[in-house]
Every structure is written in C-alpha cells, then in structure tokens.
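Subject: Structure handover, helix packing and cores

Hello,

Here is the structure for you to look at. My notes on helix packing and nonpolar cores follow below it.

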Amino acid sequence: MDQENNSEDDSVGPSGDGMPCLPPDLSDGEAMELLWQLRAQRRQSSPELPETVSCLTAPDGSILYLVGTAHFSDSSKKDVATTIRAVQPDVVVVELCQYRVSMLKMDENTLLKEAKDINLDKVQQAIKQNGLMSGLMQILLLKVSAHITEQLGMAPGGEFREAFKEAGRVPFCKFHLGDRPIPVTFKRAIAALSLWQKARLAWGLCFLSDPISKEDVEKCKQKDLLEQTMSEMIGEFPALHKTIVAERDIYLTHTLRQATRCVESPPNAQKVPAVVVGVVGMGHVPGIERNWDKQLNINEIMSVAPPSRVGWVLCAVIKGVMMGMLGYACYRAGGSLGRALLSLPPVRSLLETLRPLPA
C-alpha cells in the first residue's frame, strides 16, 4: 500500500488477551467460522453508547463510531471500552502515529516516569529527529504534558491503551494508527509561525504553571466549551491551529475513511460492510464530521517546505550562541575540567547536533 493510504501500514497487532477458547479438534476453517459467529452474536445492532460517540456512514454502508476523548481522562477510557465491547468492530483506529506507538505497551508507572523525565538524551533525540526549532518546540510541548501529568498523577494516552487492549479481545479486529507523523506536524507548524509568534509561544509554554484539575480535563469533552477554547486559540495563533488541528482533521478523516471499507466474511468470502471504531481527541471530532463527505488530498499537508534563508541564518546564530556558551563554560571551569567535559559522549553528541549546517 502506498504512503498516501497508510492506515494499514500503521497497523499494530493487538495482544489477543481475552479471546475465547475454542475446542482443540476444530479445523482452521471451522474455528474462523465459529469466531465470526461469536462476534456477530456479541455485536449489538442498536447499541446504547456514551454521548461522546458520533456515528458516520460510508457510501458502501460501513459504519464509523467516532469516540471523542480527553487525553487525561478515566471516563474517556470507559467510553472507549464500552463502545468497542458493544459494537465488536472490524477495525479500531486511534489518533497516534508510528513515532508515539510505544505508549500503547508501556505501563502507567513507566509512562508517568517518562513524561516527567525530560533529559539531555530526549533533547538530542528531538533535535536530530525534527531539526533545531521543531525539536525544541517538541521539548516544550513535552514539558506541558509533564506539567499536566504531575498535576493529575495520570499518564497521557490512557484511552489509546484501552482501545488497544479491547481490540485484542475482539475476533478478527485490526488495530490501525491514524495520525499524521509527528515530525511532519511539528515542522509544518514551526514553518507556519513568524519569528515573533515562535517567541511568544515558547515563552508561554516555558512558564506554564496554572493548576489543572480532573474537572478541567473532563470539561474538554464538552463540545461547546471546547469550541470556545479552540476559537480563542485561533485568535492567538491561527497558523498553529491550521497545522496542528485542521490539517490533522483532514489526515484523520482520510485514514478513518480508508478503514471503513467492506470486509470479507470468512464463512463464504462475501464482502460485508465494516464496523469501525475511531478514537480521537474531542477537538478533532467536528473537523472529521465536516470533512467526512469531502474530496480530500493529503499530499499537500504532508510536504515540508525547506527553510528560508532568514530561517537558516537564525538557526545558525542560535547554534553558534549555544556553542559559544558551552565553550565559555569550559573555559571558566578550567582547561583540564573543560577537556573532561568535552570528552563526555553526551556533550560530544550535542556538539555534533548543534554544528551549523553548510550554506
């Protein structure tokens, strides 16, 4: 499958825990037919679903149950589990990309530790992966996530881990990653901001300290309040909203539509409409609903323009300043200590990362 339709390229195999036990003397064909019938019996024709769930229909009759979630919410996890158990989907699609797939299999304690621990290795990795400006912006956003994690004592992505676990309990269910690769999003977001906007955004993220409660998180599931918040953000950073929200609405709609295709029934190999569950942040639900019946072209939102000459000069100046500060620190520390510091692998790697690119 080509890159434009990567919902299957970004599929992840659920663990399968909780699958029913079958008699050992069944043939493969008989086992598949029995599992298919079992799932059909479990699937509710008119399920009573949480109010956070929207229902969209594809031209071939396939159905998408779109679960709008808050990313730090226990009730969102329950909404996801309730929906998957009720509709027994053929496919589950989540708002993750391959760069964030590791959070699916990490336990809560490990994720809490990872979210709070922003060290030199993470800074280096972010810069190498995304470039200097995008990498630093990613670190600032990680800081925001760590702030929320610390306030709530809850790791992000619980609803995606719940979806992964529940998908593994549904016979024949596939699990897809539906979000645009995060390096593309960061690079397009940074390229869309002016220098002044970048400075304002970085300043706001650096000094974020407002307390956040679980009640505040649950309010994010209320569409009216969320749309008001989004409108305020559009006023502050319209370009940022376009790249981080609106463009990803398009990408998520594309991958969800690719998932809602007819599936093959094992008993007779006949094509039947699919049932799909999509798990996305509530802020993406209105955009997905608006785009559902539109012609979409994701090629234009996957490209990253090369940096301008001014941007390159700015990056070179920032890199030069950082290297100068490190050199001065080594000079003040003394020759032997400075040489010892420069010999450390993390420092040498950082210097390699910060070396200005050739013109």
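Please keep in mind that this is a predicted model.

Helix α7 covers residues 182–192 and helix α11 covers residues 238–259; their axes come within 8 Å and cross at roughly 150°. Angles over 145 degrees count as roughly antiparallel, so α7 is roughly antiparallel to α11. The crossing of α7 past α11 is right-handed. On the α7 side, the residues involved are Thr185, Arg188, Ala189 and Ala192. They meet Ala239, Leu240, Thr243, Ile244, Glu247 and Arg248 of α11. By class, this contact holds five nonpolar, two polar and three charged residues.

As for α7 itself, eight of its 11 residues are buried, which leaves the helix mostly covered. The buried set consists of Ile182, Pro183, Val184, Thr185, Phe186, Arg188, Ala189 and Ile190.

Helix α2 (residues 74–87) packs against helix α6 (residues 158–167) at an angle of about 25°, and the axes are 8 Å apart. The cut-off for roughly parallel is an angle under 35 degrees, and α2 and α6 are therefore roughly parallel to each other. Their crossing is right-handed. From α2, the contact takes in Ser76, Lys77, Val80, Ala81, Ile84 and Arg85. From α6, Gly158, Glu159, Glu162, Ala163, Glu166 and Ala167 take part. This contact divides into five nonpolar, two polar and five charged residues.

The cores

Which residues have the most contacts inside the largest nonpolar core? They are Val92, Val94, Ala163, Phe175 and Val277, in a core of 23 residues. Two or more residues of this core come from each of β2 (63–69), α2, β3 (91–94), α6, β4 (174–177) and β7 (275–281). Another core, of 17 residues, lies apart from it and includes Val91, Val93, Met282 and Trp292.

Ala163 is worth a look in the viewer. Leaving out residues up to four places away in sequence, Ala163 touches Val80, Ile84, Val92, Val94, Phe175 and Val279. Of these, Val80 and Ile84 belong to the α2 side of the contact with α6.

Regards

Conventions:
Residues numbered from 1 in each chain as written. Predicted model: local features only at pLDDT ≥ 70, side-chain atom pairs only at ≥ 80, totals over all residues. Heavy atoms only, no water. Axes fitted to C-alpha atoms, helices over the stretch in contact; angles between N-to-C directions. Helix = DSSP H or I, 4+ residues; strand = E, 2+ residues; numbered from the N terminus. Parallel < 35°, antiparallel > 145°, perpendicular 65-115°, else oblique. Left-handed = near helix turned anticlockwise from the far one by under 90°. Contact = heavy atoms within 4.5 Å. Nonpolar A, V, L, I, M, F, W, Y, C, P; charged D, E, K, R; others polar. Buried < 20%, exposed > 50% of the residue type's maximum accessible area, 1.4 Å probe, protein only. Core = buried A, V, L, I, M, F, W, Y, C linked by side-chain atoms within 4.5 Å.
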